[in-house]
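Here is a model to look at.

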Amino acid sequence: MLQKQPVMRKVLYALAPIAAFSVYLYGPRALAVLAVSVGVGFLVEYLFEKKKGGKVSEAVFVTGTLFALSMPPAVPLWIVALGVAFAVFMAKEVYGGFGRNIFNPAIAGRLFVYISFAGVLGASFYPAGDFGAAAGSLFGRPDAVTTVTPLAAMGAGESVPIMNLLLGFRSGSLGESSVILIALAAAYLIWTKAAQWRLIAATLIGGVAVAGALILGGVGRALPIEALLAGSFLYVAVFMSTDPVSAPKKPQAQWLYGLLIGSVIVIIRTFSLFPEGTSFAILIGNTFASLFDKLVTDAAKRKEAGK
Amino acid sequence: MIPLVNPITLFFASIFTSNILLTNFLGMCSFISISKDWRSSFGLGMAVTFVMTITAAVSWVVLYYVLVPLELEYLSFIVFIIVIAAVVQVLEMVIDRASPALYMSLGIFLPLITVNCAILGAILFMQIRSYGFVQSVAFGAGSGLGWWLAILLLAAIRERVEKAPVPAGLKGPGITMVTIGFMAMAFIGFSGMIAVQ
Amino acid sequence: MSSKAMNILKENLWTNNPIFIQILGICSTLAVTNNLRNTAIMTVGVALTTAFSSMTLSAMKDLIPRKVRMIVQVLVISFYVIVIDIVLRAYLPEVSKQLGPYVGLIITNCIIMGRAEAFAQANKPGLSFWDGLTSGLGYMAVLMAIALVREILGFGSVFGLRVLPAGFVPWTIMIMAPSAFFLVAMVMWWAKNMQAAKAKTAAGKPAAPAAPTAPAKA
Amino acid sequence: MKLKKDSIAYVVIFTFVVSALFVTLLALANEGTKPLVAANREFAAQSAVLDALGIPYANKDEALRLYKESVRPIEGSSPRAYRAAIDGREYLAVEQTGAGLWGAIVIVMATDEKVERIRGLQIIAQNETPGLGGRIEERWFLDQFRGERAGGGVRIAVGAESKGTGDADPDNGLIDGVTGASRTSVAFETIVNDALARARAVAGGAK
């Protein structure tokens with residue numbers, strides 16, 4: 001009943017160390033979030049596919065894991081279940097299942113809960129380290145310990161030690177923590193051709209270029225360049241922008257897509273009322289993906305005709 | 001009293017942060033039936049932008065130089081519809097004379113526009129928010145461009161979705177509504193981006 | 001009630017409901033569906049306008065020259081909408097203030113012109129009135145259902161009265177635009193499935209008018 | 001008799017007659033309701049001032065009477081400002097207009113004589129999105145301003161900070177914003193603070 005998907009398997013391998021590290025940082029709570037997310041996601045897809053007589057795709061495990069790792073550690077489990085159910089149902093199955101979705105399901109689900117429950121999620125961060133002991137609770141939902149995420153701190157003009165960002169000892173969503181682990185995952189995915197290097201590169205270039213331009217332009221609200229190491233910028237660049245289904249297919253379109261995502265992330269972080277813009281940027285990228293493909297194809301055709 | 005909204009800000013706000021289609025739901029009918037086809041979407045979007053900018057300007061003049069002095073504001077709905085119809089008609093004639101090529105790509109969509117609620121909507125918003133002339137034109141142009149952008153994006157996506165094995169009950173308009181929903185969700189990200197001064 | 005009137009009722013409420021079959025006319029009202037009261041007022045306005053303008057146009061149909069038919073239709077529709085606007089401003093100033101430009105947008109509601117073209121053109125005034133009214137009711141039913149879901153989940157209330165316990169966390173997205181699109185899609189899906197199921201059980205009879213996927217008219 | 005429906009004369013006459021008929025009817029309806037609409041507008045303006053000052057009234061007539069009795073418009077002030085005595089204490093009320101998300105928002109805000117605390121706040125006009133920004137007119141939102149300390153200005157919480165249910169503490173100068181309508185909330189904050197500045201000026205003798 002399971003559809004074999006080697007590429008998705010590789011993404012899962014790449015995610016495994018990050019998930020394990022999140023358990024080290026936040027304790028059993030991280031495991032619970034992962035379990036609920038993957039379990040509910042699988043169940044929704046199973047019920048839908050059973051009716052249709054189709055098979056459950058391995059991609060649903062990727063969606064579940066990606067969604068779980070993008071949640072803050074103390075997120076109420078019912079929100080996890082709701083978000084992942086929306087993701088698999090509305091963003092994927094309704095479009096005809098794996099390979100047909102226009103929007104990245106994990107991101108669609110995350111935005112659904114992020115927009116709906118901004119207050120609850122914003123109060124669900126707790127300090128990282130020692131299997132959740134830092135929060136004083138190994139099991140159950142720790143009391144809302146107010147911690148400031150590095151991105152919020154930089155927004156308020158404080159500086160954050162870079163070493164903590166690289167190693168991941170900082171509060172934030174479960175999987176976005178360690179820059180080093182994410183970089184290793186990226187290397188593995190590119191090496192095994194499970195991810196398109198162009199997409200990652202373009203996203204990074206877009207982000208760095210716009211962030212640099214804002215700083216050089218003397219924009220008062222511009223965040224320091226280290227801000228790209230904080231929040232979920234890298235996590236999204238490596239795992240979300242590379243989703244082969246929702247990204248464009250043509251190389252030039254992929255460059256445009258990545259650049260758009262990277263720059264929109266920085267622009268939203270800097271100017272909008274939302275502190276983090278990565279999910280919106282991916283969804284905006286998904287919205288433009290088909291148009292980019294279309295424009296590139298048309299341009300190629302016109303060139304052909306011109307010859 | 002003219003509100004202190006910067007026309008440039010208004011222009012960008014009406015394209016991105018408060019897209020007339022994605023947040024105000026205006027112009028859905030022609031949007032859904034036309035967006036199936038890429039070329040038509042392009043032409044219709046262009047025509048809408050054109051007509052919206054011009055009617056915003058004309059309606060503003062008619063409203064503040066004719067209706068208000070004569071205390072006939074209660075007739076504004078009818079007058080606006082007539083203005084739209086007249087602008088569309090004149091435009092059709094002008095384009096036909098001036099450029100047959102443009103007429104082929106744009107002219108055929110003009111009659112569709114009279115019944116596009118986005119245009120009347122933009123004018124009614126302009127009236128009720130008491131915009132000045134420059135603000136009205138900026139708002140009209142921005143709303144038109146925003147509509148154009150939305151229909152182009154949707155048309156490109158629909159080419160892909162039409163081939164997908166979507167559940168029978170959702171085929172066509174249903175899945176299109178879901179797609180527009182996600183587009184609206186993405187555009188929420190821009191909110192708060194352009195602080196109206 | 002004559003069987004013809006009964007048929008029209010059934011058609012407009014279910015088998016040919018303006019929203020889930022033809023997705024007509026959602027523009028003017030969808031924006032206010034995060035609140036039941038505003039939705040109720042808007043949809044009643046649409047139903048009344050459709051009913052009266054269908055009736056008027058049907059009564060006038062032998063007099064209207066072909067060339068200016070569209071213009072006359074728009075004129076009649078605008079007339080009724082302005083009447084509604086004036087009534088709201090005089091007797092329900094609060095509501096009029098809240099709905100703002102959306103009342104005027106009823107004019108461009110495609111259902112009204114659609115019924116005037118498709119039905120009033122060929123039928124007697126009384127029947128046209130009934131057709132317009134029931135079309136409006138079909139429209140109302142769908143939008144009220146959507147507004148109900150949005151208000152309950154978005155605010156925890158129904159018609160402004162709190163119905164969910166204080167511990168309930170409101171779903172902000174339900175107040176915002178995307179949810180309206182998702183819910184319209186879900187309603188259409190449900191309705192089409194129901195109709196398809198019915199068509200299957202009623203096999204043998206000449207097939208019921210299959211749900212046309214192409215929207216009728218811009 | 002068979003009319004020639006497509007002759008030009010008929011088309012012109014028909015269109016003219018029909019338009020004239022409908023427009024006349026509308027003009028009649030409009031004229032007939034004009035006094036009522038004007039009365040509504042006046043009542044809306046006066047009741048807003050009463051609401052802001054926290055003077056309760058049971059019906060329209062009582063509102064008009066109370067307004068006459070206790071509110072004294074400051075002569076020559078523009079935008080309008082008022083003084084009022086309630087239970088022997090003096091209060092100020094000022095009107096303030098500012099840019100909202102889409103258009104002008106007009107409020108009337110009442111404070112004590114020294115502008116230390118806000119007495120109340122009411123909205124006269126706004127064009128924000130119904131159900132989103134438009135919710136600034138709702139009771140729970142406006143009631144937060146009642147008695148709020150005004151010394152350091154007020155701040156409206158938006159985004160994750162906002163609970164969307166109202167902030168009960170009158171001493172923190174903090175108001176809970178409308179969920180999903182961050183930009184309207186931000187704009188509203190500016191308008192309220194401008195109104196406070198104006199009230200201070202009025203308290204100092206300005207018009």
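The questions below set values against definitions.

This is a predicted model, where local features need pLDDT of at least 70, side-chain atom pairs count only at pLDDT 80 or more, and totals for chains, interfaces and linings use all residues. Residues are numbered from 1 along each chain as written, chains are lettered from A and ligands numbered from 1 in the order written, and side-chain values use heavy atoms without hydrogens or water.

Q: What makes up the secondary structure of chain C?
A: Chain C has 9 helices and 2 strands. Helices (H or I, at least four residues) and strands (E, at least two) are DSSP runs, numbered from the N terminus. Their order is α-α-α-α-α-α-α-β-β-α-α.

Q: How do you know which residues of α3(A) and α5(A) meet?
A: Contact means heavy atoms within 4.5 Å. In α3(A), Thr63(A), Leu66(A) and Phe67(A) meet residues of α5(A), including Pro105(A) and Val113(A). The residues of this contact are 5 nonpolar, 2 polar and 1 charged. Gly counts as polar, Arg as charged, and Ala, Val, Leu, Phe and Pro as nonpolar.

Q: What is meant by the area that chain B and chain C bury?
A: Buried area is the accessible area (1.4 Å probe) that two parts lose on being put together, summed over both. For chain B and chain C that is about 3500 Å², 86% of it on carbon and sulfur atoms. Phe25(B), Phe77(B) and Met177(B) lose the most area in chain B, together 20% of what that side buries. In this pairing, 40 residues of chain B are in contact with 38 residues of chain C.
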